Structure formats: structure tokens, C-alpha cells
Amino acid sequence: MNSDQIHSADNDAATETQAPDAMRIDPAMTQTLAQASLAAYNDYEGKPFTPPANYRFFARFTGWDDWIGEFGEEERFGLIFKYFGPQQIANRFIVAFRGTDSYSDMLEDAFWEWSTFKPYRNSVSPTPDDVCGGFNGIYATKGGSMSATMQQQIFSLLPENPSEVLITGHSLGGALSQLFTLDISASFPNVRIRTINFASPRVGGQDWKAACDNSGATSRITRVINYYDYVPDFPQMIVDNYVSIGTEFQTAFYGPDWGILDELPRHRLLNLMTVVSHCLWLPSQIWVGNFWDAVKPNYLMKSVAPPDVSKDEIIAKLRELHELEISTRAAESRTIPLIQS
């Protein structure tokens, strides 16, 4: 499956689809926003991209990847699409963020120290000073020849009073989509918004969660994840006090012949959407079956029902392994003699 093979349904993606009562996530909207997320990746990579059905490309925006001091890199981080469907609705937009796709992005992903989030307009309560510095840095800072931050670009590109904004992103893009969801909830409180992101890591701590709850952002966010993907649990696996917000839609798939370190196939957007596209219309929205990895088609993937075991138990064990590795490395460093020149 490639990005051109994931399309939204012909009906209006922003309208709740008529589906069985047991469904927990809207199929048409989910596939529409997945297509937009994939388009953002393709745009960064210089590839042609396919807008979601009934939408047209409207604008792109950039962000700043900080390296050290004043050094860094400006990169394309997302696209805005405008609705031109059969329903005559003006000023409906999709804002789509891409995920990690460069070494500069990886540096930002690893910057987990707290920073303070400030909305484009108005204020949020409490002031969240416990937001991941790497994610917030991409969103709210500028460098090099940039004349505006990502935050400033998006709000200047959107009309003053859009009728509706749909928001999405994968991985790092999912984190950025959550920052923007809180931002637009505070800055344009009367605008109808909905966020569905994919494999998003955690963004902040308890003040961040409280600010999202109080602004109404939390109730507008759905996070589509793979139970066996560890990225949605970062940075909590290593750093204390990060929390998840919004509603979680859970799938579960893995490579049966792979080990714990085979993270990328379980995190890949195309693989996630293969599973999601199979399960969306099932009454339980759970699909059990096999499929091939989207990038390495000789690698078999297996989709199963999400286990009953809490992810918190797995996170606790992984943190133990991480702490054991750190202590072992520290012990080894004390036994290695210095080489005298």
C-alpha cells in the first residue's frame, strides 16, 4: 500500500458517518486525515502528493529544528488543505503535520526537558510549563532566515474565522497536532475542530493535561495507536510525569518473527492504516489477519485483538531495562582505563 491507495470515502469526511452503534471512530474522517498525514510526508520528501478526496492543496508551513545554540535547520513540516466538496461549506480546512523524517527531527524528539506553551491568542489555564521542549521548540520558535514560527505561519494562513478545522499528524506530527489543537481551542474558541492523529507520543504533564481539559481540547482529540508500538508511550518510558490525553483508539499488530527492537514497522503510518482500513467498518472495529509490511513487503505483519494487559505494566518493565542499561554502562565506564597520550 502506498500513499495514493488510502483515500477518504466519497461522503463528506467531516460529517459523522452512519455506521453501527458499536463503532468508536469515524471511518471516512479517519481515512481522510490519514491521507493528509501521508501527503505531508511526501511534500517534505519532494514527492508528489494526493490531497484527500474533496480537498485541494491550500498552503504549506515550516518549522525550526534546533541543533545547538543558534544552529539548526528550517524544514517543511505540514500542509493545509481546503474543502471543495459537494456540500457548499466555506472555510473548512485540514491542517496536517508530518512525523520524524530527518536526523534534525530525531534530535528534537530526544529533547524532553520541560518548556512553557503559549497560545497564539488569549491564554490557557493553568499555564502549561510542563510541555516537551523538543516538540514545543519546533512549533513555537524560529531560526535562520525564518520570518515566522510554525505557530505564526499556520494562524496567518488560516482565515480569521474558519468554519471548521480538522487536524492530524503521525508520530512527531501527532505531538504537533496536539499542540495546535490546544492552541486553536484557546485562540479561536468558537471554531469547530476535530483532531485524529496517529501514533502520537505524549506531549506534556499534568498542567498540560489540565489546560487541554479546561479549554475543551482534550474532548476533541482521538489518538489512533498500535498497542505494540512504543512511540505513543514516549517520553514516559524514560522520563517521569508525561501523560496521554484524548480518546485512544487501539489496534494491535507486530512482526511475528521479530524481536522487541523491531520498532519501525510497528510504528509506520502505512502499516497502521492497513490495519485501520480493515477494521473501521467491522462492528467491533477489531481486525485479525496477516499483511505484508508496506516498505519491506517480504516481512509479514500480524494484526490481533489488543491484549488485556495494561500498557503501564509493559512501560514499567521497559523502564527497568533502561535503568539497568544506564547503571551497567556507568559501571563499565569506571573499569575502562584512560589511554595516555
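## About the model

Residues are numbered from 1 along each chain as its sequence is written. As this is a predicted model, local features need pLDDT of at least 70 and side-chain atom pairs count only at pLDDT 80 or more, while totals for chains, interfaces and linings use all residues; side-chain values use heavy atoms, with hydrogens and water left out.

## The protein as a whole

The protein has 9 helices and 12 strands. These are DSSP runs numbered from the N terminus: H or I with at least four residues for helices, E with at least two for strands. Of its 341 residues, 52% count as buried. The exposed surface comes to about 15,700 Å², and carbon and sulfur atoms supply 53% of that (Shrake-Rupley method, 1.4 Å probe).

Contacts here are heavy atoms within 4.5 Å. Among contacts with a separation of 6 or more, 71% join residues 24 or more positions apart.

In helix α6 (residues 206–215), the buried residues are Trp208, Ala211 and Cys212. Viewed down the helix axis, they fall within an arc of 95°, so they line one face of α6; the arc is taken from the directions from the axis to the C-beta atoms. Their cover includes β5 (131–132) and α5 (172–187). On the other side of α6 you will find Gln206 and Asn214, which are exposed. After the helix comes Gly216, with a positive phi near 90°.

An open sheet of 3 strands runs in the order β10-β12-β11, with antiparallel pairing. Strands pair if DSSP finds at least two bridges between them. At the edges are β10 (253–254) and β11 (289–292), each pairing on one side only. Between β11 and β12 (residues 300–303) there are 4 bridges in the antiparallel sense, and Gly289 has Ser303 of β12 as its bridge partner.

Helix α8 (residues 269–279) lies across β10, β11 and β12, and runs at about 145° to β11. Such angles run from 0 to 180 degrees between N-to-C directions, with axes fitted to C-alpha atoms, for helices over the stretch in contact.

Definitions and conventions. Buried means under 20% relative accessible area, exposed over 50%, partly exposed in between (1.4 Å probe, protein chains only).
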